[in-house]
Each structure stands twice: as C-alpha cells, then as structure tokens.
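Please examine the sequence and the structure shown here before reading on.

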Amino acid sequence: MPDAVADLWQTLPVMAQDIAWFVLLLLPALVVGIVVLAGYRPFALVGAILWRFRWTSLLFVALIAVSVGIGVGLIAQERGLRQGTARAADKFDLIVTAPGSEVTMMMAAVYLQPVDAPLLSGAVYNEIASHDRVSLAAPIAFGDSYRAAPVIGTTADFVSHLSGDLATGRLFATHGEAVIGARVALDIGDSFEPAHGAGPAAEEGAHAGAAYTVVGRMRPSGSPWDKAILVPVEAVWAVHGLPDGHGPQHEGALGPPFDADYFPGTPAILVRAEELWANYALRSDFTRADTMAFFPGAVLARLHSLLGDVRQVMSVMAIVTQVLVTAGVLAGLVILTRLFSRRLALLRALGAPRRFVFAVVWSYAAALIGAGAALGIGVGVAATAIISRVVTARTDILVRASLDWPELHLVAGFVSLTVLLALVPAFVALNRPVAPELRA
Amino acid sequence: MPNRLLRLAAIPVLAWAAVSFAADDYDDHVAESNGLRVVHAWARATTGPEALVFADIVNDSGADVLLQGGASGLAASVELVGFELRDGEPAYTPLPAIPVRNRREVVLAPNGLALRLNGLAETLVEGDEIEITIVFDVGPVDVHVEVGASDAAGHSHAGHAH
C-alpha cells in the first residue's frame with residue numbers, strides 16, 4: 001500500500017503535490033476545529049469577545065503576523081538570492097582559466113569581484129577559439145576600474161552575447177570606445193580615464209592619457225555587469241604598455257583572430273557552444289594541466305547546496321521563533337481569559353455546557369492565530385520586497401523574491417501546531433470554578 | 001617452537017587473504033573493457049524512481065570513443081544526463097553521446113555529467129551494490145556501483161589510486 005501511495009504521489013503534477021502538502025499540513029487544525037466545534041456555533045460570541053477586547057486582540061494578531069511575516073520573508077529571500085545569482089551566471093556557459101580555485105575565478109569572471117589571476121596565453125586562446133564546437137570564445141580581462149565600475153577588456157561579440165541588442169548607441173569599434181552597463185553613471189558621449197586596479201587601492205592617473213568615450217549602453221541584465229564598463233581587450237593591453245594582440249600588419253584591429261605572439265594574456269575566457277553536450281565535451285577537453293574549465297552553474301549549485309542546508313536551519317528557526325511568539329501570545333491569552341472569566345462563569349451558570357465554553361475560548365485563540373497567519377503572509381510579501389531591494393542594491397544582483405508554496409507550507413504547519421497549543425488556554429479557562437468567579 | 005611454526009604458517013595465509021581482499025576491492029572499484037576503465041562507480045541512496053550514477057571514465061583505448069548511455073536490469077532505462085541550473089533550480093537534461101578523447105578522463109559527478117537510472121524497480125539503499133552496463137560505441141562495460149548515503153558527495157574510496 002505505501003508503495004502504491006508513493007507511486008501515485010510521483011504521478012501527481014508538482015502543483016498538485018504542493019496543494020496536497022498544504023492541505024495535509026493544515027489538516028490537524030481543521031480536524032481539531034471540527035472536533036471542538038462539533039454541535040456548537042460560538043461565532044457570534046467569539047466575535048463579540050474579539051470586539052470587546054479589540055486592541056488587545058489586535059496586538060496579539062500583530063505579534064503573530066510580524067513573526068510569521070519575517071520568517072517566511074527570509075526563507076523566500078534565500079530562494080530569490082539563489083535564483084538571482086543563477087540568472088546572473090546564465091550567460092556564462094563555460095569559463096576557462098588557469099588552474100586554481102573555481103569559486104575564486106567564478107567570482108572574478110562572472111560576478112566581477114577583483115582578484116589577481118594568472119593569465120592564459122594566446123596559444124591557449126587560439127586553441128579554444130578554433131575548436132570546432134566553440135561558437136564564442138571571448139577574453140575577459142579585468143583589473144582596471146572607473147570609480148566603482150570595473151573596466152573589462154573583451155570583444156564586441158561578448159557584448160552582444162551579454163546584452164543582445166544594446167539599449168542605446170552601438171558597439172565599440174576603436175580602441176578608445178566603451179560600452180557601459182545599464183546602471184553605470186555615465187552617458188553616451190562621456191569620456192573617462194580608467195584607474196589601475198579596483199577599490200580603495202586603485203591607482204588614479206596610472207593610465208593618464210588613455211581615455212575612453214562611451215558609445216553604447218547595454219540592456220539591464222540583473223547582474224554585476226550592469227555596473228561594468230566594457231572596452232576592447234586590445235585597449236586594456238595597450239594602456240598597460242603591452243602588445244595589442246595583433247601583429248604589426250594588423251595594427252588597430254579589434255577582436256579575433258589574435259596573433260598568439262602578440263597576445264599578452266587573459267585571466268579568463270568565456271566559452272560557449274550551442275549544445276549542452278558540447279559544453280561538457282569542451283570542459284573535458286580543456287580540463288588539463290595548463291587550463292581549468294568549469295561551469296559557473298555547477299559551482300553555484302555547490303554553493304547553493306550549502307545554502308540549502310542553511311535554508312533547512314532557517315526554516316526550523318523560523319518555526320521555532322513563530323511557535324515561541326505564539327506560545328507567548330497564548331500565555332497572554334491565559335491571562336486575558338481571566339479578564340472575561342466572569343462572563344464565562346456566567347455562561348456556565350446560565351446552563352451553557354462546558355464544551356461550549358471550551359469551544360468559545362479555543363475559537364477565540366484560533367481566530368487570533370488564523371488572522372495573524374493570514375496577515376503574516378501580507379507582512380511576508382512586504383518584507384520580501386524590501387529585503388530584495390536592499391540585497392539588490394548591495395550586491396548588484398537582481399533579486400526578485402516572492403512567496404511560494406514552501407512558505408505557504410510553513411504557515412500551514414505553523415497554524416496547525418499553534419492551534420493545537422491553543423487547546424491549553426481553553427482547558428485552563430474550563431477548569432476555573434464557577435462560583436468564585438461569579439462572586440469576584 | 002610450535003608457536004613459531006604457527007606464526008610462520010600464518011604469514012602466507014594472511015598474505016593470500018590480503019591479496020585476495022585487495023583483488024576483490026579492485027574488481028569492485030574498477031571495470032575494464034576495450035581499453036576503457038570505469039573507476040569508483042557510485043550512486044546515492046534514493047527514495048524515488050530515479051537515481052544518478054557517477055564514475056571516473058578513463059580512455060586508454062588508443063582512439064576517441066563515444067559515451068552513449070547505459071542499461072540496467074534494475075531500471076526501465078539508463079540515459080546520459082548533464083547538469084544545468086534552470087531558474088536557479090538544479091536540473092539534469094538528457095544528452096546525446098559525448099566523446100571521450102583518447103588518453104583522457106571524463107568524470108561523471110554531482111552537478112555535472114551522470115547516468116540516470118529511470119523507473120527503478122526498487123529504491124536504492126545505502127550499502128547496496130548494484131550492477132549496470134555503461135554503453136560506449138566500442139562496446140559495453142559492466143560496472144559495479146556502490147550505493148552511498150543520500151547526501152554522499154563521492155565514492156567511499158574516492159582518492160584511492162587504481
């Protein structure tokens with residue numbers, strides 16, 4: 001039988017599985033509600049209590065909502081960050097560098113984090129570029145900057161690969177031209193002089209006289225490349241006093257083919273093949289003693305798997321935090337029921353069954369929990385949007401987090417657990433003696 | 001004196017046992033055919049109908065060969081798949097045959113290339129050992145696969161030279 005259930009489960013669409021999980025997680029709350037309320041309709045009385053103690057009730061609802069909202073917001077953010085980093089690496093099928101750390105070189109070549117890296121020779125570049133399965137081999141030469149924007153030496157084909165059609169302007173066509181990312185604080189026609197290096201240690205004036213003029217702006221990519229300035233790789237070599245990758249007979253030429261004898265080197269090469277299988281074949285071909293080939297997506301997946309463990313911890317912590325907050329609220333509720341204990345005692349003196357009084361107190365607590373959880377989803381949506389903006393601004397990686405089924409599952413589990421806990425104040429209220437409460 | 005004789009007699013027995021165990025270990029970890037060597041094949045324990053098999057494939061056949069896929073009595077089909085991130089989520093996509101260059105190695109590993117067993121007849125449990133056939137254009141190689149933990153990152157003898 002379990003095998004049959006497992007087989008049936010596997011045949012369900014993902015959406016159906018998510019809905020089924022949601023219902024299953026909410027089921028304990030529904031069952032408890034049906035059992036507690038069986039035969040009674042205490043809703044009018046519960047509504048009256050909610051209204052009578054509206055400010056206290058609102059405070060409890062707000063506490064639960066903030067707790068739920070921040071919990072689900074943080075978990076949604078983790079997913080948004082994972083998807084954002086993956087989208088940012090989407091255009092980088094295969095990277096070839098000198099042997100070293102894949103993570104370090106991915107951070108440098110894909111996320112433009114400054115690093116000193118050994119260079120690949122012109123012979124290696126030409127071997128890659130002339131490989132029969134390679135459709136694009138672009139040098140990615142980093143090291144210079146302008147203000148906070150990294151200046152990257154590459155080819156016009158790479159700009160087209162990264163941006164497709166430009167938002168405005170055109171591709172660079174001479175050594176002194178540049179294409180800027182969507183969020184670079186320059187305009188078409190502006191000129192600038194790059195600094196040697198990046199960050200606080202960048203040497204301003206080290207490339208005096210080597211000015212670039214902006215001729216194009218790329219479309220937004222949601223990656224750190226939106227804040228990058230792309231120039232011909234030949235220009236980067238030239239401003240460093242190196243040969244420009246072409247022999248004397250091709251002076252001023254831009255882009256491949258390069259002459260290996262005049263190729264000063266590049267720290268990374270983006271390699272693209274049309275088919276996934278060909279990328280794997282290329283990776284195999286260029287994983288050797290003098291080169292390292294890696295998929296940024298695979299490196300990211302390894303990092304994401306670490307995040308996955310963090311996510312599980314975060315989920316548990318979110319539930320624990322929410323349950324603790326709710327336990328506090330329910331403890332407060334025990335005290336609150338003392339406020340209307342005289343009314344409950346009166347109800348019982350008038351002949352109301354004990355179970356009806358139990359149902360009233362439980363329904364009141366369940367209403368606070370339900371309203372808090374529902375409002376918490378709204379708080380979660382708002383928290384997710386705010387945190388996404390902050391993360392995007394700080395990392396230059398577009399994070400578009402939104403609540404999804406995992407967060408709704410978390411809320412459903414939280415509601416079921418806390419609704420069960422809400423039986424406690426109901427029992428406490430029920431066990432108060434009637435006569436002393438009436439005399440009080 | 002008898003003790004010394006017993007010790008002397010024990011030496012060849014222990015040596016034979018060690019060699020025998022080493023040979024078994026080698027056979028379990030290495031499969032060879034047509035100049036192709038498949039080392040340290042392993043899979044993760046699974047609860048679903050699919051499992052990924054990983055291994056190091058070394059081509060010493062003297063020519064480039066094509067890795068085409070596989071077959072197993074435990075699964076409805078075995079296919080070559082490649083890892084990719086789709087909207088931030090890991091996914092394995094079926095691939096056509098890929099070349100394994102002469103005197104080069106292709107590594108099937110998590111977040112990379114793998115052989116996917118589809119429609120498993122039974123779930124794989126940690127400690128199980130299964131047999132699959134990896135199919136190349138030059139012929140099949142029968143491989144012994146060790147099943148590790150559901151979160152295993154490699155073969156239990158990864159790093160041992162064979």
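The text below treats domains, chain contacts, the nonpolar core, strand pairing and backbone geometry in turn.

The model is predicted, and local features are reported only at pLDDT of at least 70, side-chain atom pairs only at pLDDT 80 or more, whereas totals for chains, interfaces and linings use all residues. Residues are numbered from 1 along each chain as its sequence is written, and chains are lettered from A and ligands numbered from 1 in the order in which they are written.

**Domains of chain A**

Chain A is divided into domain 1 (13–87 + 303–439) and domain 2 (94–294); such bounds come from an automatic or database domain assignment. The centres of domain 1 and domain 2 of chain A, taken over C-alpha atoms, are 52 Å apart. Five residues of domain 1 of chain A are in contact with five residues of domain 2 of chain A, contact being defined as C-beta atoms, placed from the backbone, that lie within 7 Å. On the domain 1 side, the residues that touch domain 2 of chain A comprise two nonpolar, one polar and two charged. Here Ala, Val, Leu, Ile, Met, Phe, Trp, Tyr, Cys and Pro count as nonpolar, Asp, Glu, Lys and Arg as charged, and the others, Gly among them, as polar.

The unreviewed UniProt entry annotates residues 20–43, 55–76, 313–336, 356–388 and 408–430 of chain A as "transmembrane region"; annotations of this kind may be inferred rather than shown by experiment. Two of these spans are set out below, with helices (H or I, at least four residues) and strands (E, at least two) taken as DSSP runs numbered from the N terminus.

| Span of chain A | Helix | Strand | Distance between end C-alpha atoms |
|---|---|---|---|
| Residues 55–76 | 100% helix | 0% strand | 31 Å |
| Residues 313–336 | 100% helix | 0% strand | 34 Å |

**Contacts between chain A and chain B**

Across the two chains, 15 residues of chain A are in contact with 20 residues of chain B. On the chain A side, two or more residues each come from helix 4 (54–88), helix 9 (276–285) and helix 10 (296–339). Helix 9 of chain A provides the largest share, six residues. By type, the side of chain A that touches chain B has eight nonpolar, four polar and three charged residues.

Helix 9 of chain A is largely enclosed by the rest of the structure, because nine of its 10 residues are buried. A residue is buried if 20 or more other C-beta atoms, placed from the backbone, lie within 10 Å of its own, exposed if 12 or fewer, and partly exposed in between. Among the buried residues of helix 9 of chain A are W277(A), Y280(A), A281(A) and R283(A).

Which residue of chain A is in contact with P99(B)? Leaving aside neighbours within four places in sequence, P99(B) is in contact with A281(A), as well as with D64(B) and L66(B). P99(B) belongs to strand 7 (residues 98–100) of chain B and counts as buried, with 20 C-beta neighbours inside 10 Å.

**The nonpolar core**

A nonpolar core is a set of buried Ala, Val, Leu, Ile, Met, Phe, Trp, Tyr and Cys residues joined through C-beta atoms within 7 Å. The largest has 158 residues, and I269(A), A365(A) and V53(B) have the most contacts inside it. Helix 12 (residues 354–395) of chain A gives the most to this core, 13 residues. The core lies between domain 1 and domain 2 of chain A, because both give residues to it.

**Strand 10 of chain B**

Strand 10 (residues 129–136) of chain B has a covered face formed by I130(B), I132(B), I134(B) and F136(B), while E129(B), E131(B), T133(B) and V135(B) make up the uncovered one. Strands pair if DSSP finds at least two bridges between them. Strand 4 (residues 65–71) of chain B runs antiparallel to strand 10 of chain B and is joined to it by four bridges, with G69(B) opposite V135(B). Strand 11 (residues 139–148) of chain B is also antiparallel to strand 10 of chain B, over eight bridges. Strands 10 and 11 of chain B form a hairpin with two residues between them, and F136(B) stands opposite G139(B).

**Backbone geometry**

Most residues other than glycine have a negative phi, and most peptide bonds are trans. The peptide bond from P256(A) to P257(A) is cis, with omega near 5 degrees, and P257(A) lies in the loop between helix 8 (233–239) and strand 10 (268–272) of chain A. R147(A) has a positive phi near 55 degrees and is found in the loop between strand 2 (136–146) and strand 3 (149–154) of chain A. R103(B) has a positive phi of about 60 degrees and lies in the loop between strand 7 and strand 8 (105–108) of chain B.
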